[in-house]
Amino acid sequence: MRMNLLLELQDVPGQLVSVLSPIGGLGANLVTVIHQRDFKNEKGMIPVQITVEGERDNLKQVIKTLSAMNITILEIDGVLVKEKISSILIGHVIDTDIKDTMDQINALKGASVVGLDVKLEDELESSAMIVVESDVDKKQIVLDKIQDIANKKDFLVVNEV
């Protein structure tokens, strides 16, 4: 059986080798590796597509091991596992405690803030682009939470389409 995985790795020396090393020991074979260093995301992470082959239990163990190594698996056989959600918050984002906003989002199971870009305008209103990585089935929950926070803190929210 074959399985295609899309991983998100740090662009640091040795990261790819550390991810690929355990695969053989788990009873799976590495079939292909597509390592695209030219396509970094906003966190400086790079996508790496691997195809592994083995028995179903061995492939499950590969996924379990990668997860234990804190490697983000974005897709399994073309099915999204993690999704990035970008929202722009406009208002007194800093004055209303941006850390509290992030903590409320991070408290959601299956979601975490992975990026934050703040813009200040002469001590008037500020704006922030917040990027959340979530399990695919949690997208609406994350969007609802962001809107709830915005309503309480009087922000305007612009979500990506």
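The structure is a predicted model. The mean pLDDT of the chain is 89, and 97% of the residues reach 70 or more.

**Confidence along the chain**

- Among the elements of the chain, helix α4, which covers residues 139-153, has the highest mean pLDDT, at 95.
- The lowest mean pLDDT among the elements, 78, belongs to strand β5, formed by residues 79-80.

**Lys 82 and Asp 135**

- A salt bridge joins the side chains of Lys 82 and Asp 135, with a distance of 2.9 Å from N to O.
- Lys 82 belongs to strand β6 (residues 82-91) and Asp 135 to strand β8 (residues 126-135), so this pair ties together parts that are 53 residues apart in sequence.
- Lys 82 has a relative accessible area of 24% and is therefore partly exposed, since that class lies between 20% and 50%.
- Asp 135 is also partly exposed, with a relative accessibility of 22%.

**Lys 84 and Glu 133**

- In the salt bridge between Lys 84 and Glu 133, the closest N and O atoms are 3.0 Å apart.
- This pair links distant parts of the chain, 49 residues apart, with Lys 84 in strand β6 and Glu 133 in strand β8.
- Lys 84 counts as partly exposed because its relative accessibility is 22%.
- Glu 133 counts as buried because its relative accessibility is 7%, and buried means under 20%.
- Lys 84 and Glu 133 also belong to a network of salt bridges that includes Glu 8.

**Lys 153 and Asp 100**

- Lys 153 and Asp 100 form a salt bridge in which the closest N and O atoms are 2.8 Å apart.
- The two residues lie in helices: Lys 153 in helix α4 and Asp 100 in helix α3 (residues 98-106).
- Distant parts of the chain, 53 residues apart, are linked by this pair.
- Lys 153, at 15% relative accessibility, counts as buried.
- Asp 100, at 28% relative accessibility, counts as partly exposed.

Definitions and conventions
Residues numbered from 1 in each chain as written. Predicted model: local features only at pLDDT ≥ 70, side-chain atom pairs only at ≥ 80, totals over all residues. Heavy atoms only, no water. pLDDT = per-residue confidence, 0-100. Helix = DSSP H or I, 4+ residues; strand = E, 2+ residues; numbered from the N terminus. Salt bridge = Lys/Arg side-chain N within 4 Å of Asp/Glu carboxyl O. Buried < 20%, exposed > 50% of the residue type's maximum accessible area, 1.4 Å probe, protein only.
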